[in-house]
Amino acid sequence: MSSVRLPWFRVHIVILNDPGRLIAAHLMHTGLVSGWAGVMTIYELIIIDPTDPVYNPIWRQGSYVLPFVSRLGVVRSIFSWSLGIDSSQGGYWTYETVAISHLILAGLLTLASCWHWAYWDLDLFISSISGNLVLDLLRIFGIHLTLASILCLGFGIVHLTGFGGPGCWTSDSFGIIGSIRNVKPVYSIVGLTPYCYGVISANHISAGFLGSLAGIWHISSRPSKLLFKTLAMSNIESVLSSSIAAVLFSSIITSSLMWYGSLTSALELFGPTRYQWDNGYFSLDLERRVKSTDSLLSTQAWEQIPDKLVLYDYIGTNPAKGGLFRSGPMLKGDGIVQNWIGYSSFEAGNLNLTVRRMPAFFETFPVILIDQGGTVRADIPFRRAESRYSIEQTNVVLYFSGGILSGVEYSTPSLVKSYARKAQFGQIFTFEKRTAGSDGVFRTSSRGWYSFSHLTLALLFLFGHLWHAGRALFKDLWTGINTNYETVALVEYGRNEKLGSGSTKTSAFL
């Protein structure tokens, strides 16, 4: 008997009308995802440096998985370190236990997949009406919806509220007071405010409850013949296309929330968004804080500024500044932040000047100093012969407030120009570049990588949805107009080694 020959892109036909092996394939896929999550968590725990969570946070070190683990309330290691916060969690809520539990789950799912692949012809899958192996797709949908809704409901009631879980990461709009807190569900109009964490648990509880009711209804009821035929409920490829549409929608939503910023993508875990740099979000808040203090000296006011806020007001934390094809974490570009130099204030005579900051998509930008009205008062000219506002001619003086150079004044033109160039990038820091092998080329953060990868997946999901939906809806076209047994037997993929030739049947259809 000759072996079955299938094209590489048709290998999935072996699970068609085979419930046991269809389950096995899904179990193996879930096991691979769970195993990847566990292995990546252990890898990041090995390479991460937790000693300075303020100036060297995990998102600058290129951590991809740990921010998501921390977002769900796990911020502590069994080796007695955390993300810079005091946590009173139980002994089992640690990064290591999360990684090990995912690896154990991956192993169990793999074993279950092998079992279902070997024992595919269970009596459970045999129809009592026809006696054939069948997939009751409507009932399968109801079962999946019910199980997913129970998990959703449990996550909202138990995990987020702290009833049986750690809670979740909560913070303020400037990413300063982030910590793990139990979230009480909010069902009122207060939930429409931008920073109301209660809607997260409330949404999971509501969706889980309603989804459970809908799932039970789909299990216990049957559609009419017209509806069954119209929605192609008997075609597994229509189910596949609908499922791909669901993950397409999810990937677009999650990548958009990550890139533009949302309640669930905290600054302490994923870093700032590019729009906060574009809009001067942190620099305006720094000025507001300095002006609102009771101190008469600006030096003392700047010394009271939180270090996290200072780091956010630096272009090196902008995910749009690093190209997507520059591999490595952020600190591979500029280095590990050591110290904050201080806030740079420039003066020319009686005028207070500010360096025009570099936009996100510029590699080079002219150094110009403007007054409060936006008028150019000094610059570093391209041509000396045509200079009128050079720092040497305008006698610009530099003062530092806060940081390690607090109270220091510079009037030497070469030093003033050097710090003016650095002030284009926002706050000025010193870096340790040797450890990470930094090369001076900015990288993007975990926020940028997540958004890019999930938008890429969304594009693939879109093509997959259209492809399988078209095959499901127009099956009568691609199988021929006269869809009797003989014509279908000729053109069905995998039935004949040579398409269209009834004399070259494969062993699967002998």
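Arg288 and Asp285 both sit in helix H10 (residues 281-292), three residues apart, which is about one turn of the helix. Helices (H or I, at least four residues) and strands (E, at least two) are DSSP runs numbered from the N terminus. Arg288 forms a salt bridge with Asp285, and the closest N and O atoms are 2.6 Å apart. A salt bridge here is a side-chain nitrogen of Lys or Arg within 4 Å of a carboxyl oxygen of Asp or Glu. Asp285 counts as buried at 3% relative accessibility, whereas Arg288 is partly exposed, with a relative accessible area of 46%. Buried means under 20% relative accessible area, exposed over 50%, and partly exposed in between (1.4 Å probe, protein chains only).

The model is predicted: local features need pLDDT of at least 70, side-chain atom pairs count only at pLDDT 80 or more, and totals for chains, interfaces and linings use all residues. Residues are numbered from 1 along each chain as its sequence is written, and side-chain values use heavy atoms, with hydrogens and water left out.

## Other salt bridges

By the salt-bridge rule the count comes to 12. Side chains of opposite charge can pair when their charged atoms come close.

Asp313 forms a salt bridge with Arg357, with 2.6 Å between the closest N and O atoms. Asp313 lies in the loop between helix H12 (307-312) and helix H13 (331-334), and Arg357 in the loop between strand S4 (351-355) and strand S5 (368-370), so this pair ties together parts that are 44 residues apart in sequence. Asp313 is buried, at 3% relative accessibility.

Arg326 forms a salt bridge with Glu363, the closest N and O atoms being 3.4 Å apart. Arg326 is in the loop between H12 and H13 and Glu363 in the loop between S4 and S5, so the pair ties together parts that are 37 residues apart in sequence. Arg326 counts as partly exposed at 26% relative accessibility, while Glu363 counts as exposed at 56%. Elsewhere, Asp136, Arg139 and Arg222 are linked in a network of salt bridges.

Helix H5 (residues 198-220) has 23 residues. The distance from the first C-alpha of H5 to its last is 34 Å, close to the 33 Å expected at 1.5 Å a residue; the expected span is 1.5 Å times one less than the number of residues. The buried residues of H5 are Gly198, Ile200, Ser201, Ala202, Ile205, Gly208, Gly211, Ser212 and Gly215. Their cover includes H4.

Ser149 is found in helix H4 (residues 137-160) and counts as buried, at 5% relative accessibility. Leaving aside neighbours within four places in sequence, Ser149 is in contact (heavy atoms within 4.5 Å) with Ala207, Gly208, Gly211 and Ser212.

## Nonpolar surface patch

Val39, Ile42, Tyr43, Ile46, Ile47 and Leu103 form a nonpolar patch on the surface, with about 560 Å² of accessible area together. Helix H1 (residues 19-47) supplies the largest share of this patch, five residues. Val39 is found in helix H1.

Patches are made of residues with over 30% relative accessible area and no salt bridge; like charges are joined within 9 Å, and nonpolar side chains (Val, Leu, Ile, Met, Phe, Trp, Tyr) within 5 Å. Accessible areas come from the Shrake-Rupley method with a 1.4 Å probe, and for residues only the protein chains shown count as cover.

## Cysteines

The structure holds zero disulfides, a disulfide being a pair of cysteine sulfur atoms within 2.5 Å. Cys168 is in no disulfide; the nearest cysteine sulfur, that of Cys196, is 11 Å away. Cys168 is buried, with a relative accessible area of 7%. Cys114 counts as partly exposed, at 45% relative accessibility.

## Positive phi angles

Most residues other than glycine have a negative phi. Ser80 is not a glycine, yet has a positive phi of about 65°. Ser80 lies in the loop between helix H2 (66-71) and helix H3 (95-118) and counts as exposed, at 71% relative accessibility.

Asn395, also a residue other than glycine, has a positive phi near 55°. Asn395 is placed in the loop between helix H14 (391-394) and strand S7 (397-401). With a relative accessible area of 55%, Asn395 is exposed.
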